[in-house]
Amino acid sequence: MCLGIPGQVVRMLEGYGGQLALVNVAGENRKVNIGMLPEETFDAGDWVIIHMGFVVEKTDKAGADAAMAGLEMMGRGAEPGEFPSQIDRASP
């Protein structure tokens, strides 16, 4: 499994062998390569998971939301006291 960022297809781009799409990622439009999924078709509104500029998975809104929630959870880190210490400081 790789770390992927969800995005929504805005449109397919002309040329480039039909392998580039304009995808909205967190409010920014990015050119991404869809060539790793030759069996899939992509249309405006489709949700995708992107890794290193390549679409690695076609998903739905729920899958995109779950991917974003995972990224947000990883990015926030642990709150103080959220995880118990593995060292019992009271022991000698």
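M52 counts as exposed, at 69% relative accessibility; the cut-offs are over 50% for exposed, under 20% for buried and partly exposed in between, with a 1.4 Å probe and protein chains only. The model is a predicted one, in which local features need pLDDT of at least 70 and side-chain atom pairs count only at pLDDT 80 or more, while totals for chains, interfaces and linings use all residues. Residues are numbered from 1 along each chain as its sequence is written, and side-chain values use heavy atoms, leaving out hydrogens and water.

Where does M52 lie? You will find M52 in the loop between β4 (47-51) and β5 (54-59). Strands here are DSSP runs of E with at least two residues, helices are runs of H or I with at least four, and both are numbered from the N terminus. The phi of M52 is near 55°, a positive value in a residue other than glycine.

## A26, another positive phi

A26 is not a glycine, yet its phi is positive, at about 50°. The residue sits in the loop between β2 (20-25) and β3 (28-33). With a relative accessible area of 68%, A26 is exposed.

## D46, a buried loop residue

Now to the loop between β3 and β4, which holds D46. At 18% relative accessibility, D46 counts as buried.

What does the side chain of D46 reach? One of its polar atoms lies 2.7 Å from the backbone nitrogen of D43. The side chains of D46 and K58 are joined by a polar contact of 3.4 Å. Such a contact is a pair of N or O atoms within 3.5 Å; within protein, one must be able to donate a hydrogen and the other to accept it, and residues adjacent in sequence count only if both atoms are side-chain atoms.

Leaving aside residues up to four places away in sequence, D46 touches G7, Q8, V9, T41 and K58, where contact means heavy atoms within 4.5 Å.

## The chain as a whole

Of the 92 residues in the chain, 25% are buried.

Among contacts in the protein chain with a separation of 6 or more, 31% come from residues 24 or more positions apart. The chain exposes about 6600 Å², and carbon and sulfur atoms supply 56% of that area; accessible areas come from the Shrake-Rupley method with a 1.4 Å probe, and for residues only the protein chains shown count as cover.
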